Amino acid sequence: MYHVQLHFWVRGIDEKIVRIWQEAEPLERFTHLFHNFSRSMRLPSGRNQIVLLGDVATLQIPMLRQDIGTKGKLILCADSVQNLQGEELAYFDAIWPRAHLEETAAFHFHRLQQLLKEEKDAWLTQTYLEQTINTLPDMVWYKDIKGLHLHVNDAFCTAVNKRKSDVEGKDHYYIWGIPHLGDSA
């Protein structure tokens, strides 16, 4: 199983709204910590960092995104994004309307919690599957409709004497070193 401590970094958002978020019950296997941050702070990197912004006027959005990494979440609470360049919008994972944020704060926060839990549960399921197929002594492989290997287990790699990176995305002929029908020798 897992336990995740989420770090919510808040800037420029009304204290009543932040209090609504702080009082929200964490989902199973999660806890929350809330922090305020200033313009000059560098935030820690990581998937458990969530930044909730009410203003972006004095912030370097690309640097903020770099600080929290691609696994962190960057959410803007604003009614207008006119002051942002198009490429700056791409740094945000979500934009929550600020005009009615007091009424929708709990809703948005709960949806965010659910998304984070779904991501973590998917990771756990993928980890279980990887561990299971890689401990089997028999070859396991998954192919797409074109016959390309999407994923293989360790036993498959041992049998063909190739690494996963050499096998995944390749067809049966390449992996086994045999010519395609109709190919000239």
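## Surroundings of F8

Leaving aside neighbours within four places in sequence, F8 is in contact (heavy atoms within 4.5 Å) with H32, L33, F34, H35, I50, L52, F109 and L112. The model is predicted, so local features need pLDDT of at least 70 and side-chain atom pairs count only at pLDDT 80 or more, while totals for chains, interfaces and linings use all residues. Residues are numbered from 1 along each chain as its sequence is written, and side-chain values use heavy atoms, with hydrogens and water left out.

## Nonpolar cores

A nonpolar core is a set of buried Ala, Val, Leu, Ile, Met, Phe, Trp, Tyr and Cys residues joined through side-chain atoms within 4.5 Å, where buried means under 20% relative accessible area with a 1.4 Å probe, protein chains only. The largest such core has 23 residues, and F8, I13, W21, I50, L52 and W96 are those with the most contacts inside it. Two or more residues each come from β1 (4-11), α1 (15-23), β2 (30-36), β3 (49-53), β4 (73-77) and α4 (101-135), with α4 giving the largest share, 6 residues.

Apart from this core lies another, of 15 residues, including W9, F37, L43 and L64.

## The chain as a whole

The chain has 7 helices and 7 strands, these being DSSP runs numbered from the N terminus (helices H or I, at least four residues; strands E, at least two). Of its 185 residues, 37% count as buried, and residues 24 or more positions apart account for 50% of the contacts with a separation of 6 or more. The C-alpha trace spans about 70 × 40 × 30 Å along its principal axes.

Note on methods: Buried < 20%, exposed > 50% of the residue type's maximum accessible area, 1.4 Å probe, protein only.
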